[in-house]
Amino acid sequence: QVQLVESGGGLVQPGESLRLSCAASGRSATIYLMGWYRQAPGNQRELVATLTTTGITNYADSVKGRFTIFRDNGKNTVYLQMNSLKPEDTAVYYCMAGVITTWWGQGTQVTVSS
């Protein structure tokens with residue numbers, strides 16, 4: 001069993017930054033794929049960014065140039081640096097990990113508002 005715990009969410013003003021963290025526990029082997037999804041009110045859960053152990057990234061078009069995903073492979077920890085935040089980024093952000101089996105965190109709220 002793998003547990004994912006997110007942290008770093010909160011309330012910020014437009015243009016500010018946040019860094020989300022997600023730590024996986026219960027597994028010693030390196031997890032190949034880790035990343036972030038988000039779900040805004042009334043919307044489906046959508047991909048934000050993913051990252052493999054080999055350095056392959058995948059970003060949603062809406063966050064390219066503003067968000068950066070990076071990880072510590074040895075610790076199975078993944079981060080999301082979010083810059084130039086917009087009100088449209090407001091959502092619950094979920095950490096995910098795995099390919100054949102996908103694990104999800106409980107989510108952390110990010111609210112961008114003035």
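Which strand is Leu20 found in? Select Leu20 to start: this residue belongs to strand S3, residues 18-25. Keep in mind that the model is predicted.

**Stop 1: Leu20**

Leu20 has 0% relative accessibility, so the residue counts as buried. Now show what touches Leu20. Setting aside neighbours within four places in sequence, its contacts include Ser7, Gly8, Trp36, Val78, Tyr79, Leu80, Tyr93 and Val110. Next, select Lys75. Lys75 and Leu20 are 55 residues apart in sequence, and their C-alpha atoms are 15 Å apart in space.

**Stop 2: the aromatic pairs**

How many aromatic pairs does a search of the whole structure find? The search finds two. Trp104 counts as partly exposed because its relative accessibility is 37%.

Move on to Phe70 and Tyr79. These two rings form a stacked pair, 5.0 Å centre to centre, with 15° between the planes. Phe70 has 29% relative accessibility, so Phe70 counts as partly exposed. Tyr79 also counts as partly exposed, at 22% relative accessibility. Remember Tyr79 from the first stop: this residue is in contact with Leu20.

**Stop 3: Arg45**

Finish by selecting Arg45 together with Tyr94. Arg45 lies over the face of Tyr94, 3.7 Å from the ring centre. The charged end of Arg45 sits over the ring of Trp104, at 4.8 Å from its centre.

Terms used:
Residues numbered from 1 in each chain as written. Predicted model: local features only at pLDDT ≥ 70, side-chain atom pairs only at ≥ 80, totals over all residues. Heavy atoms only, no water. Phe/Tyr/Trp six-rings, centres within 6.5 Å; stacked < 30°, edge-to-face > 60°. Buried < 20%, exposed > 50% of the residue type's maximum accessible area, 1.4 Å probe, protein only. Lys NZ or Arg CZ within 6 Å of the ring centre and 35° of its normal. Helix = DSSP H or I, 4+ residues; strand = E, 2+ residues; numbered from the N terminus. Contact = heavy atoms within 4.5 Å.
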